[in-house]
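Please keep the structure in view while reading.

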Amino acid sequence: MAFRRLAILDLSPKGAQPMQFAKGRFTLCFNGEIYNYLELRDAFGLSELRSTGDAEVLGELLAREGERILPRLRGMFAFIWWDEREGELLAARDRFGMKPLYFQDLGGSGLTAASEIKALKKLCDVGELSRRAVRQFFRWACVQDPDCIASKVESLEPGQYFRWSARRGMLGKSRFAAAAWDGETGSWDRPKSSQIEEVRERVIESVKTHLISDVPVGIFLSGGLDSSIIGAVMRHLGAGRIRAYSVRFGGGSRLVDESSIARRSAEFFGAEFYDEEVTPESLLDDFPHFVESLDQPSGEALNVYLVAKAAARDLRVVLSGTGADEFFGGYRYLQMMALGFRLPFFRLMSPRVRAAARRLFESLPPTVQSSRLLRAVLILLGPRSGGRIYQSARTVSPVSVLDSLLDDDLKGCGGQSARGGRSSPQRGRGWRRLVANCAGFGVALYLPNMLLRDSDAMSMAHSLELRTRSLTGGSLRR
């Protein structure tokens, strides 16, 4: 077992890993942060510990409780826990998939596990490119776990753990939690003032928890509501020096530049603002390292790479508003759904007319079907299914387009539909339930497979810890 440490809590050698427990019986390798480790330390009476960080608390809890402790962990984590006496390994990943865990069961030869596929490639044959994963990438702009771009490697899904025995091999996987959109639709009928107060309390508590660190904490600032609110809460909580980072595009780029808005937000809550200029020349210089750091292909990773590069010059920890759009309905397709239910023309349209409109859309040339505007209209036309609406909104290349572009080997090899096994159906009626179900698919699929995966890989490429979901805190389904 090996570990390369990015020291955030307990900077002394006492926090080094791998860490052993019970006189050498257990060994822990743990990637991430347990934000409620102080509460758990007190709750279980762990007063006499060697270190002041979260790794030793986690190890002591695993030694006492085993996998029973997993639902009580609040944070981002992936770990492996080796029991020398029993010859068994326990591996787990946090409920939202903020930290990755890749593994390969080698049968009688053993098991390899790591936080990067590149590490596994140093240890064993990870196989060829997965045809299923390639198709998924062209369909969704990301690979959906448990699949990996390497055919012999598997990704542990969010909220899962497995046990493996040196004598008997894989003992099976289980789920200790499932991410869910916390939109109990009945709560929407509460007075607006009480909803505002509850959101305010939860956001303040979540940001406060994410600020726990033995090194300075900064923020990625886009100028949007999510990151701006986090910055304002940091100031409200009494944070001293707040450093905010953004990127601006120079060299005649036509990309949307939000740095001026971000600067005004930073000035509002009194942060030091740093904007990194990105030019075509600098991007070409960075591109080889960017691609090398990806681990799995993605359509949205570059922006995180660039701003992480800027922040890593000064800091080792930053906060991000990633995840807020899923929990607060910030995406346009969710807003289009709500609009469709409010407009009489769309609400009163008969199922036959809706079906005819969809058939007309599907008969259009593939390049026309790829239009985001037309797909938005299709959302308004139906179907009234959360899963299908999510697929329509998130699809980059429709199946018909893929079949016209990809060779025969990549046709029909799977990966054509979004998997919703971790998305919990929401209670309620009408458009509220539909919005809740669509948001649930986003939390279970888009968030871990693209946004969180990109955030971790691109920040770790610069030895920077990116704490996402600071704005929402998260939700849990047992």
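Predicted model: local features only at pLDDT ≥ 70, side-chain atom pairs only at ≥ 80, totals over all residues.

Two strands are said to pair if DSSP finds at least two bridges between them.

Six strands form an open sheet with antiparallel pairing, in the order β1-β2-β3-β4-β8-β9. The edges are taken by β1 (19-21) and β9 (169-175), each of which has a single partner strand, so one side of each is left without a neighbour in the sheet. On average, neighbouring strands of this sheet are turned by 20° against each other, when direction is ignored.

## Strand β3 and its partners

Strand β3 (residues 75-83) pairs with strand β2 (residues 26-34) in the antiparallel sense over nine bridges, and T27 has W82 as its bridge partner in β3. Six bridges join β3 to strand β4 (residues 88-93), again in an antiparallel arrangement, with I80 standing opposite A91 in β4. The hairpin of β3 and β4 has four residues between the strands, and in this hairpin G87 takes a positive phi near 65°.

Are the residues of β3 buried or exposed? Nine of the nine are buried, so the strand is largely enclosed by the rest of the structure. In a regular strand the side chains alternate between the two faces of the sheet. In β3, G75, F77, F79, W81 and D83 point one way, while M76, A78, I80 and W82 point the other way, and all are buried.

## A buried residue in a loop

S130 is placed in the loop between α3 (117-123) and α4 (131-140). Because buried means under 20% relative accessible area, S130 counts as buried at 12% relative accessibility. Leaving aside residues up to four places away in sequence, S130 touches C148, I149, A150 and S151.

## An enclosed space

The count comes to two cavities of 30 Å³ or more, and about 40 Å³ of space lies in the second largest cavity. Its lining includes M76, M98 and K99, and helix α18 (residues 430-460) gives the most to this lining, with four residues. The lining residues of the second largest cavity divide into four nonpolar, three polar and two charged.

How values were computed. Residues numbered from 1 in each chain as written. Heavy atoms only, no water. Buried < 20%, exposed > 50% of the residue type's maximum accessible area, 1.4 Å probe, protein only. Helix = DSSP H or I, 4+ residues; strand = E, 2+ residues; numbered from the N terminus. Contact = heavy atoms within 4.5 Å. 1 Å grid on protein atoms, 1.4 Å probe; cavity = no way out; pocket = protein on both sides within 12 Å on 5 of 7 lines; lining within 4 Å. Points joined across faces, edges and corners; volume = space filled by probe spheres on them. Nonpolar A, V, L, I, M, F, W, Y, C, P; charged D, E, K, R; others polar. Axes fitted to C-alpha atoms, helices over the stretch in contact; angles between N-to-C directions.
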